[in-house]
Each structure stands twice: as C-alpha cells, then as structure tokens.
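Keep the sequence and the 3D view open as you read.

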Amino acid sequence: MIVDIRKFNLDTPLNELILHSEIRKKWYGKIIDNYWNYLEFKTKSIKQNFDSHLFSDLITFIIDEKKILFVLDEYSIKLSQNRNSAVFLLALDDQQKLLAEFSQANFLHDFEIFCRDLNGSYYNYEFNELAQTINNFREIVLKMDEKFGFIINIG
C-alpha cells in the first residue's frame with residue numbers, strides 16, 4: 001500500500017481531474033490510464049514519510065469515528081470509484097475541522113483504542129508512531145490555504 005499526497009490548485013476544474021482518473025479500455029483491449037501523468041503535470045508531490053497502514057487507519061478514524069465529512073467529498077467518492085482505491089480531496093474548510101479534532105485532549109488516546117480494535121491481534125503500533133503520524137498529518141494540513149488543497153491517494 002502507498003500514500004501519495006499532492007498539492008493542487010483549487011482553481012483546477014474538478015471535472016477535469018475526475019475525467020483523468022478514469023481507466024479506459026480501447027476497443028482492442030489496450031488500457032488507457034492517464035491519472036498519474038495528469039497528477040505529475042498539474043500537481044506538486046508532497047514529501048511525507050507515513051506508514052501507509054497507520055495513515056489509512058488515521059483517515060478511517062477521522063471519517064468513521066469522528067464523522068468528519070470533507071467539503072469535496074462528492075468528488076472524492078467519484079475519484080475513489082474511478083481509481084478503485086481511496087482518494088480524498090481536502091480544501092481549506094477541511095483544515096479547521098481537522099485541526100479542531102487534532103487539538104482535542106483525547107484524540108490520540110481515542111485513535112489508539114480505535115487502532116487496537118480495528119487491527120485486533122495484528123496491532124503492532126508503538127504509541128509514539130501514532131503520535132508522529134498525527135503530527136505529520138497536522139503539518140501537512142497546516143500547509144493548506146485558499147489557493148491550494150490536497151489530493152491524498154491511498155492504495
């Protein structure tokens with residue numbers, strides 16, 4: 001599993017992004033997938049060092065347990081369906097919601113309990129790994145502004 005985070009200009013037509021996320025097949029069977037080329041051309045990759053499974057657990061926790069709906073969720077759903085993986089679009093309005101959750105005193109503790117329940121006997125995270133993942137994601141979220149959002153690909 002990989003985590004790919006990219007900064008994108010919020011002026012980019014989202015329907016264009018959706019169109020390029022589609023995997024198409026030519027009549028003679030050749031598969032056309034321009035998504036990653038499109039992202040290379042239109043976005044800037046953000047260097048990050050996430051454990052993909054732990055980051056995936058964090059996103060799941062935010063969405064399923066904390067019930068956060070991202071502003072561009074409708075587009076994220078379409079992208080995820082087209083890519084057959086998890087894709088999330090984040091905009092400035094999401095920044096405040098996420099930062100408010102991260103600042104709650106029990107967020108890290110609740111996340112640890114969630115991970116233990118989710119992973120069961122396969123749970124093998126260190127407490128400081130959980131905290132570092134949250135802090136790293138917080139640092140990325142802080143980089144959002146009114147012009148740029150983020151595309152998060154997990155797959």
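In this predicted model, Phe107, Leu108, Phe111, Glu112 and Cys115 of helix H6 touch Phe127, Leu130, Ala131 and Ile134 of helix H7. Contact here means heavy atoms within 4.5 Å. The residues of this contact comprise eight nonpolar, no polar and one charged. Nonpolar covers Ala, Val, Leu, Ile, Met, Phe, Trp, Tyr, Cys and Pro; charged covers Asp, Glu, Lys and Arg; the others, Gly among them, are polar.

**Ground rules**
- Residues are numbered from 1 along each chain as its sequence is written, and side-chain values use heavy atoms, without hydrogens and water.
- The model is predicted, so local features need pLDDT of at least 70 and side-chain atom pairs count only at pLDDT 80 or more, while totals for chains, interfaces and linings use all residues.
- Helices are DSSP runs (H or I, at least four residues), numbered from the N terminus.

**H6 against H7**
- H6 spans residues 107-119 and H7 spans residues 127-141.
- Their axes lie 10 Å apart, at an angle of about 120°.
- Axes are lines fitted to C-alpha atoms over the stretch in contact, and angles run from 0 to 180 degrees between N-to-C directions.
- H6 and H7 are therefore oblique to each other.
- Angles under 35 degrees count as roughly parallel, over 145 as roughly antiparallel, 65 to 115 as roughly perpendicular and the rest as oblique.
- H6 and H7 cross in a right-handed sense.
- Right-handed means the near helix is turned clockwise from the far one by less than a right angle; anticlockwise is left-handed.

**H5 against H7**
- H5 covers residues 92-102, and its axis comes within 10 Å of that of H7, crossing at roughly 150°.
- H5 and H7 are therefore roughly antiparallel to each other.
- This crossing of H5 and H7 is left-handed.
- Gln95, Leu98, Leu99 and Phe102 in H5 meet Ile134, Phe137, Arg138 and Val141 in H7.
- That contact has six nonpolar, one polar and one charged residues.

**H1 against H2**
- The axes of H1 (residues 14-21) and H2 come within 8 Å, crossing at roughly 145°.
- The crossing of H1 and H2 is right-handed.
- From H1, Glu16, Leu17, His20 and Ser21 meet Tyr35, Tyr38, Leu39 and Lys42 of H2.

**Cavity**
- One cavity of 30 Å³ or more turns up in a search of the whole structure.
- A cavity is a set of points, on a 1 Å grid over the protein atoms alone, where a 1.4 Å probe fits but cannot get out; lining residues have an atom within 4 Å of a point.
- The lining of the largest cavity consists of Phe8, Thr12, Leu17, Tyr38, Leu39, Lys42, Thr43 and Ile151.
- H2 (residues 35-42) gives the largest share of that lining, three residues.

Technical notes: Helix = DSSP H or I, 4+ residues; strand = E, 2+ residues; numbered from the N terminus. 1 Å grid on protein atoms, 1.4 Å probe; cavity = no way out; pocket = protein on both sides within 12 Å on 5 of 7 lines; lining within 4 Å. Points joined across faces, edges and corners; volume = space filled by probe spheres on them.
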